[in-house]
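Subject: Handover of the two-chain model

Dear colleague,

Please find the structure below, followed by my notes on what was found in it. I have kept to the computed geometry and have given the cut-offs where each term first comes up.

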Amino acid sequence: MAPNTSEAAVDLDAPWISQEDLPVETYQIIDEDGTYDSADVPDLADEEFLDLYRWMLVEKRYAERMIKLQRRGQMGTVGSSRGHEASIVGSGYALQDGDWLLGMGRETSAMLLRDVSLRDIILFWRGVEDAQRFLTEQNCMIGISVGGYLPMTTGIGWGMNLTDSDSVVTAHFGDGATSTGAFHEAVNFAGVLDAPAIFYCQNNQWAISTPFEKQTNANTIAQRGLGYGVHGIRADGNDVLAVYDAMREARKLARAGHPVLFEALTYRTEGHSTSDDPTEYRERDAVEEWLERDPIERYESFLKSEGLWDEVDKDALVAEVDEEFSAAVEAADEYGPRDVDELFEYVYDDLPPILQEQLDEMERELAELDDLEAYIERRPKG
Amino acid sequence: MAETIINAINMALTEEMDRDDRVVVFGEDVAETGGVFRATEGLKEQFGGDRVVDTPLSEIAITGGAVGLAVFGLRPVAEIQFSGFLPPAFDQLVTHASRMRWRTRGQWSAPMVVRTPYGAGIRALEHHSESLEGAYAHVPGLQVVIPSTPYDTKGLLKSAIRSPDPVLFMEPKHIYRSIREDVPDEDYEVPIGEAAVRREGEDITVISWGAMMQKTLEAIDRIDADVEVIDLRTISPMDRETVVASVQKTGRCAVVHEAPYSGGWAGEIVGTLNDEALMYLEAPVERVTGYDIPVPLLSMEDYYIPHPPRIAAAIEDVLAY
């Protein structure tokens with residue numbers, strides 16, 4: 001491979017610009033050792049500081065238990081969000097009632113903060129069509145097509161402008177998505193239209209097996225905002241207070257007609273999904289290093305310094321969120337009964353005659369063809 | 001040795017890279033891990049990181065990049081991880097790959113292969129299960145190939161890589177590892193544009209391709225009739241001669257595909273028979289297909305797939321007409 005061209009290697013006279021001229025800071029409030037400057041801490045009530053902690057436990061236990069369910073055959077393929085707790089919770093916590101959130105599936109508690117129910121997230125990962133019907137009732141949607149839903153994010157923000165809404169739209173996506181054309185077109189378009197849109201990239205540094213440094217030659221995602229004339233920021237995605245604080249400002253910017261490209265720098269400590277074995281392509285050492293930067297432990301040290309830790313009974317909190325998860329699984333298990341007409345519903349507003357015919361034929365064949373059902377397996381609790 | 005379709009892909013790629021150093025393989029996750037289905041496993045170790053490349057997540061640039069490489073004289077074999085991710089790159093196939101030869105009056109061309117797994121049945125999320133071969137086959141200048149056996153997979157992929165024109169090589173991922181047969185180590189090609197007669201018969205012609213071939217063969221085993229089975233193998237340009245000759249002989253026909261009914265390739269086959277074999281038909285041609293709906297999510301996707309009882313019932317209807 002030819003090396004990247006750099007100024008150092010080439011004699012240049014013209015006034016070139018380079019990303020090396022543009023150091024992008026990583027916004028941090030609590031550093032890796034848990035130290036911080038009190039003046040930088042966002043102005044939150046004690047119960048809100050504790051609430052952030054609880055939500056991170058919700059995200060962590062959700063991830064751990066979803067993987068367990070998958071291993072037991074009670075869940076489809078699912079991706080763990082371990083390590084992303086601060087990025088997910090900090091961003092979700094800064095949104096407000098009426099805000100929209102489109103995600104890629106690794107931002108569950110941000111959706112729960114929008115009042116999506118955990119049962120419906122579980123139904124989604126079990127491949128139940130109606131799950132997204134419930135998500136969208138809370139202005140949330142999960143897009144599996146990487147980056148594909150970013151232009152519509154711009155469109156939603158545009159619509160907010162046209163209807164004098166005072167909300168914002170946020171799209172959560174990963175570093176891989178920033179390589180798609182849809183991402184670039186969406187952010188550029190948002191800039192032109194002053195759309196109240198926050199493009200929230202959880203840069204966990206891996207797109208399945210592709211590391212961030214092979215995803216782009218850019219040093220950061222945040223700097224790309226400049227290319228479209230929109231605000232960009234890189235925050236430490238393992239520092240829940242930095243993420244929350246910057247997201248709060250991002251929301252203000254968006255409301256003022258300045259779309260934002262937000263990069264939360266974190267790390268995917270587990271596989272892309274339960275179908276992926278990361279030991280095939282990355283060194284254990286790098287993972288260990290990031291496990292030591294665990295966002296929850298870092299925030300615990302903050303709570304200790306603030307004298308709030310005494311109010312936390314961690315075991316009781318974990319037991320509580322576990323119980324909520326169990327109740328959600330139970331509710332998902334009980335979801336139904338389901339029927340094949342679900343598959344034909346919602347293709348169009350009105351079922352056209354040809355679809356009605358096909359549905360009738362499917363039902364007739366299921367009734368009349370003796371062993372057709374033997375070929376059909378309803379998957380995990382579907 | 002008995003090999004799977006996945007093994008056959010790997011064999012074809014290995015042999016072609018070895019034979020022709022213009023062949024380059026790239027896509028998401030193809031180099032370090034050998035692809036999410038392991039089709040490209042070992043290629044980077046054998047041929048190095050310049051010829052086996054993990055790309056950024058960009059279907060447009062993967063496909064458009066292949067056009068550029070091909071125009072510049074290389075022989076790109078790009079992988080699109082799932083065919084459900086291909087739509088953004090449809091523009092590159094339609095706007096550039098398929099018409100480069102035509103646009104430049106033969107000065108430039110796009111001898112490239114885009115490999116992509118298609119079809120339902122692997123319990124995946126949205127956009128991992130579709131069969132849109134009919135949409136791609138509608139593009140003039142684009143060849144659309146779908147193998148159904150390991151032997152054909154190797155021979156067709158070699159033909160695709162050697163073809164002077166672009167090939168969309170759609171792989172039936174549901175049967176990637178479920179069928180095995182002997183795949184010779186030596187070099188051979190299975191020509192693009194030639195259907196295979198899998199079984200000869202006199203009573204009815206049943207046409208299918210890809211993952212549906214297994215279901216079709218299973219269905220035929222339930223039927224007491226002398227069935228001729230055609231594996232289309234190349235969707236476009238279609239081997240009309242084999243199809244028409246068979247139906248002229250049997251006078252009856254059923255077509256089985258996984259893609260939705262309306263606008264599906266079965267319609268094109270019916271049209272061809274209307275043009276070339278109408279007066280030979282003793283019954284209307286039946287189409288056994290998916291429904292005109294998005295492929296259901298994993299919990300109920302089995303309802304969508306044309307299973308052997310449906311196929312057998314349709315064939316019996318045609319025979320009884």
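In chain A, β1(A) and strand β8 (residues 231-236) pair in the parallel sense over two bridges, where strands (E, at least two residues) and helices (H or I, at least four residues) are DSSP runs numbered from the N terminus, and two strands pair if DSSP finds at least two bridges between them. Within that pairing, A:Thr26 has A:Arg234 of β8(A) as its bridge partner.

Before going further, please note that this is a predicted model, in which local features need pLDDT of at least 70 and side-chain atom pairs count only at pLDDT 80 or more, while totals for chains, interfaces and linings use all residues. Residues are numbered from 1 along each chain as its sequence is written, and chains are lettered from A and ligands numbered from 1 in the order in which they are written.

The sheet of chain A

The pairing of β1(A) with β8(A) belongs to an open sheet of seven strands, whose order is β1-β8-β9-β5-β4-β2-β3 (chain A), with parallel pairing. Its edge strands are β1 (26-27) and β3 (140-142) of chain A, each of which pairs on one side only.

Helix α6 of chain A

The 13 residues of helix α6 (residues 150-162) of chain A should span 18 Å at 1.5 Å a residue, and the end C-alpha atoms are 19 Å apart, which agrees; the expected span is 1.5 Å times one less than the number of residues. The buried residues of α6(A) are A:Leu150, A:Thr153, A:Thr154, A:Ile156, A:Gly157, A:Trp158 and A:Met160, and they pack against β2 (100-103), β4 (169-174), α7 (181-193) and β5 (197-203) of chain A, a contact being two residues whose C-beta atoms, placed from the backbone, lie within 7 Å. After the helix comes A:Asp164, whose phi is positive, near 55 degrees.

Two helices of chain B

Helix α1 (residues 5-19) and helix α7 (residues 150-162) of chain B pack at an angle of about 30 degrees, with their axes 8 Å apart; axes are lines fitted to C-alpha atoms, for helices over the stretch in contact, and angles run from 0 to 180 degrees between N-to-C directions. Among the residues of α1(B) that meet α7(B) are B:Ile5, B:Ala8 and B:Ala12, while the α7(B) side includes B:Pro150, B:Leu157 and B:Ile161. The residues of this contact divide into eight nonpolar, two polar and three charged, where Ala, Val, Leu, Ile, Met, Phe, Trp, Tyr, Cys and Pro count as nonpolar, Asp, Glu, Lys and Arg as charged, and the others, Gly among them, as polar.

B:Ala12, which lies in helix α1 of chain B, counts as buried, with 26 C-beta neighbours inside 10 Å. Not counting residues up to four places away in sequence, B:Ala12 touches B:Lys154, B:Leu157 and B:Lys158.

The contact between the chains

In the model, 33 residues of chain B are in contact with 44 residues of chain A. Helix α11 (residues 308-320) of chain B gives the most to the side of chain B that touches chain A, with three residues, and by class that side has 16 nonpolar, seven polar and 10 charged residues.

Backbone points to check

Most residues other than glycine have a negative phi, and most peptide bonds are trans. The peptide bond from A:Gly336 to A:Pro337 is cis, with omega near 0 degrees, and A:Pro337 lies in the loop between α13 (314-333) and α14 (341-344) of chain A. In chain B, the bond from B:Ser236 to B:Pro237 is also cis, with omega near 0 degrees.

A:Tyr346 has a positive phi, near 75 degrees, and is partly exposed, with 14 other C-beta atoms within 10 Å.

With best wishes

Key:
Buried ≥ 20, exposed ≤ 12 C-beta atoms within 10 Å, placed from the backbone.
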